[in-house]
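Take a look at the ligand site first. Then turn to the charged pairs.

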Amino acid sequence: MANPLKSLIVDDGRYQKSFKLFLERSSEHQCMQDFIHNMLPDILSSIGNGKSHLNVIGVGSGAGEIDLEMLSVLRMKHPGVTVDNEVVEPSSQQLHNYRVSVSQKADLDHIKFTWNKMTASEFEEQWKAKKMTKKADFIHMIQMLYYVKDPGATINFFQSLLDKNGKLLIILVSGQSGWGKLWRTYRNQLCNIEISQCVTTGDIKSFLDSKGVSYQNYELPSQMDITECFTEGNEKGELLLDFLTEVLDFSKTASPELKEGVLNLLRHPDCSAETDGKVIFNNGLEVIVLDQLS
Ligand SMILES: C[S@@+](CC[C@H](N)C(=O)[O-])C[C@H]1O[C@@H](n2cnc3c(N)ncnc32)[C@H](O)[C@@H]1O
């Protein structure tokens with residue numbers, strides 16, 4: 001039977017609002033920034049093979065906060081290079097926010113931005129139709145592989161674009177996180193696979209292992225305060241619940257049984273820890289880094 005619940009991502013306004021609240025209530029971007037400053041410099045040091053020009057592709061860049069941070073590390077490791085940065089992002093609002101940030105930031109003159117308002121698969125189709133031969137030195141897809149129909153095929157395509165010493169960096173929620181537990185329990189009820197795959201790094205690693213593709217991985221511990229979800233009628237709690245379940249208006253449209261089951265699981269020790277009256281959800285992330293296919 002078709003899933004009667006509507007996916008949150010069909011309402012871009014509410015999706016972006018809930019994502020913004022999620023960023024405020026979680027250490028999501030903080031833990032990524034720690035990774036970018038502590039681990040990424042070493043990962044990026046070998047890319048480019050001494051070239052004076054680097055090609056970068058950001059897929060599902062959102063408003064670009066994390067992308068711009070990574071571009072500054074890239075510059076630190078490769079001073080003096082010029083950069084061609086393809087941004088692939090289907091949301092016009094997010095793309096607009098990214099462009100505004102770029103226009104307000106100094107030190108970006110060495111980067112040429114190309115704005116692709118499209119999905120990863122539209123970008124792939126366009127790339128193939130134009131028979132592009134350009135290779136990329138650094139490709140990243142941060143918290144976006146959920147939204148492609150076939151994450152494995154998407155990884156294959158983007159990995160095939162890597163130049164010698166190029167790196168493909170993926171960040172998704174970890175299989176060990178609260179998200180992993182939630183999706184393993186309620187995948188059939190919550191995930192509309194036409195829109196979101198509810199995929200974790202656990203699934204991606206199994207896929208890569210089955211294909212014999214090697215990778216490096218790094219766990220990024222992260223938390224999210226979901227206390228408001230447990231106050232009936234709390235507007236922010238409802239927005240967070242939409243984000244957690246990826247269902248539009250979850251509180252109003254889910255059956256009472258599903259709502260009760262999800263709320264119970266969210267505060268279960270498999271997903272969250274309760275401290276000082278707060279419910280802290282395990283938002284653990286994991287980074288996977290792939291090299292050029294040999
Ligand atoms: C959770 S946000 C992550 C944004 C950013 N990478 C970050 O970590 O802050 C997911 C992003 O993927 C974009 N997106 C959704 N479907 C996509 C698709 N099929 N291809 C590429 N990007 C997509 C969304 O518009 C959104 O900006």
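A backbone N or O atom of Ile 142 lies 2.9 Å from a nitrogen atom of the ligand. That is a polar contact, meaning a pair of N or O atoms within 3.5 Å. Tyr 147 also places a backbone N or O atom 3.3 Å from a ligand nitrogen. His 29 uses its side chain: an N or O atom there is 2.9 Å from a ligand oxygen. Taken alone, the ligand exposes 600 Å², and the protein buries 95% of that (Shrake-Rupley method, 1.4 Å probe).

The model is predicted: local features need pLDDT of at least 70, side-chain atom pairs need 80 or more, and totals for chains, interfaces and linings use all residues. Residues are numbered from 1 along each chain as its sequence is written, and side-chain values use heavy atoms, without hydrogens and water.

The shell around the ligand holds 15 residues (a heavy atom within 4 Å). Among the closest are Gly 60, Glu 89 and Ala 120. By class, the shell has seven nonpolar residues, seven polar and one charged; Gly counts as polar.

Now the charged pairs. There are 17 salt bridges (a Lys or Arg side-chain nitrogen within 4 Å of an Asp or Glu carboxyl oxygen). One joins Arg 187 and Asp 203, 3.8 Å from N to O. Arg 187 lies in helix α8 (residues 178-190) and Asp 203 in helix α9 (residues 201-211), so the pair ties together parts 16 residues apart in sequence. Helices here are DSSP runs of H or I, at least four residues, numbered from the N terminus.

Note on methods. Polar contact = N/O pair within 3.5 Å; in protein donor to acceptor, adjacent residues only side chain to side chain. Helix = DSSP H or I, 4+ residues; strand = E, 2+ residues; numbered from the N terminus.
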